[in-house]
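Thanks, everyone. Please bring up the model.

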Amino acid sequence: MELTGIAALVTGGGSGLGAATAEALAAAGARVVVLDMRAEAAEAVAGRIGGVAAAGDVADPAAVGAALDAAAKLGPIRLAVSCAGIAPPARVVGRDGPHDLALFEKVIRVNLIGTFNVLRLAAERMQAGQPAGPDGERGLIINTASIAAYEGQFGQCAYAASKAGVVGLALPAARELARSGIRVMTIAPGLMETPMLAGLPDPARDALLKLPLFPKRLGEAGDFARLVLAIAGNSMLNGEAIRLDGALRLPPQ
């Protein structure tokens, strides 16, 4: 996919993986709409990259529709990257009783329903566009899962279930959208460098650093962004989830 001049939507673009992705896409020539729940964060990233900020909930059809309307003014919508997500820990049965059902529903709503909401609305816009390139591609949708989808740990039932659902979206969506020239891919990151992990005590951080086989470090937002660019550049990547984890396999806790 040629990124120069296309319009791209990045959700969760106000920080972390989403911000790095928005920056990388803009550097590659794309015109990016940065969607985030926090308007100030979206505006800060959009200001840095010459993009457009949008605020809203990824599970809200009106908010995503408005962000896609903004993208359509920038160029043909050919790329949507879903990075928005939450990961509140809770055990199935904890000291205060069973897992709060409303919390489980919230995680599913943001991580899975929100991802599907972006996918369905972006795909609709992409279908209406003109095919481009030697393969006649109309668009690419990249979703973000987690290796917790495969090896969820203690306290991650809601998060792991939501991310397993995101993994499960890739192939059936790719099969259905293939006739329109739209690819669907998923990235499943491992342990990524975040402010939360940076604030851990040294012994806890050292223990985490021992888990990836190679390289012996936590993943960085730039690693994720470079994979987004690689997927965009290789049209044979479709209907699959790619682990981005340094061969890490999560222990039970």
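Start with the lining of the largest pocket: 26 residues are nonpolar, 16 polar and eight charged. Here Ala, Val, Leu, Ile, Met, Phe, Trp, Tyr, Cys and Pro count as nonpolar, Asp, Glu, Lys and Arg as charged, and the others, Gly among them, as polar.

This is a predicted model, where local features need pLDDT of at least 70, side-chain atom pairs count only at pLDDT 80 or more, and totals for chains, interfaces and linings use all residues. Numbering runs from 1 along each chain as its sequence is written, and side-chain values use heavy atoms, with hydrogens and water left out.

The volume of the largest pocket is about 1,600 Å³. Of its 50 lining residues, Gly85, Ile86, Ala87, Tyr159 and Thr194 are the closest to the centre. A pocket is an open set of points on a 1 Å grid over the protein atoms alone, where a 1.4 Å probe fits, with protein on both sides within 12 Å along at least five of seven lines; lining residues have an atom within 4 Å of a point. Volume is the space filled by probe spheres set on the points, which are joined across faces, edges and corners.

Helix H4 (101-127) gives the most to that lining, four residues. Helices are DSSP runs of H or I, at least four residues, numbered from the N terminus.

Now the residue: threonine 21, in helix H1 (residues 16-27). The backbone oxygen of leucine 17 is 2.8 Å from a polar side-chain atom of threonine 21.

Definitions and conventions: Helix = DSSP H or I, 4+ residues; strand = E, 2+ residues; numbered from the N terminus. Polar contact = N/O pair within 3.5 Å; in protein donor to acceptor, adjacent residues only side chain to side chain.
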